[in-house]
Amino acid sequence: MTVTALALTSCGGASRSETPWIVDRFDDIKVIRYEVPGFEQLPLEEKELIYYLAEATKCGRDIMFDQNFKYNLAVRRTLETVYENYEGDRTTAEWKALEKYLKKVWFANGIHHHYSNDKFVPEFTEGYLLDVIETIPEEKFGELNPLRGEVCKAIFDASLYKTRLNQTAGEDLIATSSNNYYEGVTQAEVEKFYADMADPHDPEPISYGLNSKLVKEDGVVRERVWKIGGMYSPAIEKIVYWLEKAQAVAAEPQKSNIAALISYYKTGDLREFDRYNIGWVKDTVSNVDFVNGFIEDYGDPLGRKASWEGIVDFMDKEACHRTEVISENAQWFEDNSPVDPRFRKPHVKGVSAKVVDGITLAGATYPATPIGINLPNADWIRRDYGSQSVTIANITHAYDYAAQESPKSTLTEFAYDQAEIDAYKQYGSYTDEIHTDLHECLGHGSGQLLPGVSSTALGEYQSTLEEARADLFGLYYMADPKLVELGIMPNAEAYKPAYSNYIRNGLFVQFTRVELGKQNTEAHMQNRKLIAEWCYEKGAARGIIEKKMRDGKTYFVVNDYEALRGLFSELLAEIQRIKSEGDYAAGKNLVETYAVNIDPQLHKEVLERYAALNLKPYGGFVNPDIVPVEKDGKVVDYKIVYVDNYLQQQLDYGKKYRTL
Ligand code: ZN
């Protein structure tokens, strides 16, 4: 599973570089660079391991293009050749349109939009492209035989290959989807093929179909397995070449895990992949980590075939240390919480979260990148061995910095004045992270049910109230002097911008994600609205949160932070009581009164103001380069070189990591 950044509304940060974060903008996309702060301090052996894993990662990127659509590589390479060799006028509108189209193809790993899955059509003509190709010597294209017949039609004929993922029930999802996971087979044939293979009584079922294309040849349906000696062999051979180097320098248990992965790539045996995943989920000691393989099945309408992806990352020591400190003090937080002592846990255990920094992305995670992963995906492994949930901190930060860098942002639009904006830029993003840590590491685990109360007593209101309880626990404690004492909060003021942001978001800004006229239904969004709305109402007489109008625009401003903390503590005590006693009626009343209905006037206003910001909704990344430093013919170090040219990185990758 991946966690995407589309839902992010926060921004701000602890430390930041002055170099621009956004390196390119086109269409509905912005391309961002990310920094890897702790790399320099790593021991040489870990840098070496990262370097090999990163090469293995980049060698897989061509697979993803081919999986998305059978002509993607031909389209991309033809356009890359054109881009590098055209000597005509590069200032015309048509050339600019060609450049934009090529940037989009790179971003989507093909000619279908990375998010909507719909084919995008160029803003230049077929005639223009053919004229440009005519001016370039044929040998430049090598064996490409540029864009003859079908390939050209695929680009320009809007009625062909409309989507790579059709999910319309009732249609043949295989025949109408133009991904490259199937060829010549109908949905019924696919379903029968895998139904025949499955053993419904196997407690450890094999993920049949995960690493193969299903084709019909001479009337026979069969799999073309992605492995050495099978489909994608040239790319997988190179991946394995680098993985073997990584294996040689890795320490146990990672060394054995890499060996299992190599064995899987060599044999295509999915039992080997399971073995690798079990080893991976049990490994909690390796500082350097990676994903490399056929992982997520979102691109297959039947959810069986996995796209290739790669991520290399290592532990974010500072963030991991923070969650450890919080967890170690879990009992103190529990004993001092504002809830009735009967509802506190006598013995509580904090959870520590795994936070990493990414250093190389490829395949399905590049350029568009998740901010977290939760693996492995096989249900039986999750059941028997658990899973690892990983947050990629530096990617989250880069998204935040980029959002602030845009001339307009939700922060500048919805914060009341410059002081509020500045305060948020100084502490906001960091303190939002602290809030998440408190929510995840302590909030959910705190409190106890009274004897005889069922854990499902709150019924359909359970998830919203549970999220509210965890959020309130975090909100209450982030303003506590204990956090400054533990060295987690920088000072006694730093929580304030996070409070302002929480209220602004809960009462107003978050509804940019709800269609006009619809109710607020998602549990996390309901929880935020519940808390913000309840505090707004309870504090109205004292003016704790004030609704202000300026130039016809609405703002919500926190006037008294300490009093707001008092309200958070009151509501936390009440929601804990509701949970501990299983008071369904009171829980229902809270949610129905405060969490569901959006004021239509405010909703309309927030949507209009958001639309006027004209933000690029999709973000993706350039990777930094990892460069070996040699002395007397020996590698003595590895350096990070930041790249700020999306176009150049794509052209370079196209040549250097050509594997298919
Ligand atoms: Zn939660």
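In which helix is the place of Glu150?

Modeller: Glu150 is in helix 6, which covers residues 150-156, where helices are DSSP runs of H or I with at least four residues, strands are runs of E with at least two, and both are numbered from the N terminus. Before going on, please keep in mind that this is a predicted model, in which local features need pLDDT of at least 70 and side-chain atom pairs count only at pLDDT 80 or more, while totals for chains, interfaces and linings use all residues. Residues are numbered from 1 along each chain as its sequence is written, and side-chain values use heavy atoms, with hydrogens and water left out.

With a relative accessibility of 32%, Glu150 counts as partly exposed, a class that lies between buried (under 20% relative accessible area) and exposed (over 50%), using a 1.4 Å probe and protein chains only. If residues up to four places away in sequence are not counted, Glu150 touches Tyr71 and Tyr161, where contact means heavy atoms within 4.5 Å. Tyr71 is 79 residues from Glu150 in sequence, yet their C-alpha atoms are 8.6 Å apart in space.

Asn277 counts as buried, at 10% relative accessibility, and it touches Pro376 and Ile381 when residues up to four places away in sequence are not counted. Another cis peptide bond runs from Glu252 to Pro253, with omega near 5°, and Pro253 is found in the loop between helix 8 (233-249) and helix 9 (254-267).

Asp218, although it is not a glycine, has a positive phi of about 50°; it lies in the loop between strand 5 (212-217) and strand 6 (220-225), and at 81% relative accessibility it counts as exposed. Asp632 is not a glycine either and has a positive phi of about 50°; it is found in the loop between strand 15 (625-631) and strand 16 (634-641), and at 79% it too counts as exposed.

The zinc ion brings together residues from separate parts of the chain. It is coordinated by His439 (NE2), His444 (NE2) and Glu467 (OE), at 2.1 to 2.2 Å, with donors taken as N, O and S atoms within 2.8 Å of the metal (3.2 Å for Na, K and Ca), and the site may look incomplete because water is not among the atoms. In sequence, these donor residues follow the spacing H-x4-H-x22-E. His444 lies in the loop between helix 16 (418-443) and helix 17 (462-478) while Glu467 lies in helix 17, so this pair ties together parts that are 23 residues apart in sequence. His444 counts as partly exposed at 25% relative accessibility, whereas Glu467 is buried, with a relative accessible area of 12%.

Finally, consider how helix 21 (residues 561-581) packs against two other helices. Helix 19 (residues 495-507) meets helix 21 at an angle of about 60°, with the axes 11 Å apart; axes are lines fitted to C-alpha atoms over the stretch in contact, and angles run from 0 to 180 degrees between N-to-C directions. That makes helix 19 oblique to helix 21, since angles under 35 degrees count as roughly parallel, over 145 as roughly antiparallel, 65 to 115 as roughly perpendicular and the rest as oblique. Among the residues that meet here are Tyr495 and Tyr499 in helix 19 and Tyr561 and Phe568 in helix 21. Helix 20 (residues 523-538) packs against helix 21 at about 120°, with the axes 10 Å apart, which makes helix 20 oblique to helix 21 as well. This contact includes Leu530 and Trp534 of helix 20 and Leu567 and Phe568 of helix 21.
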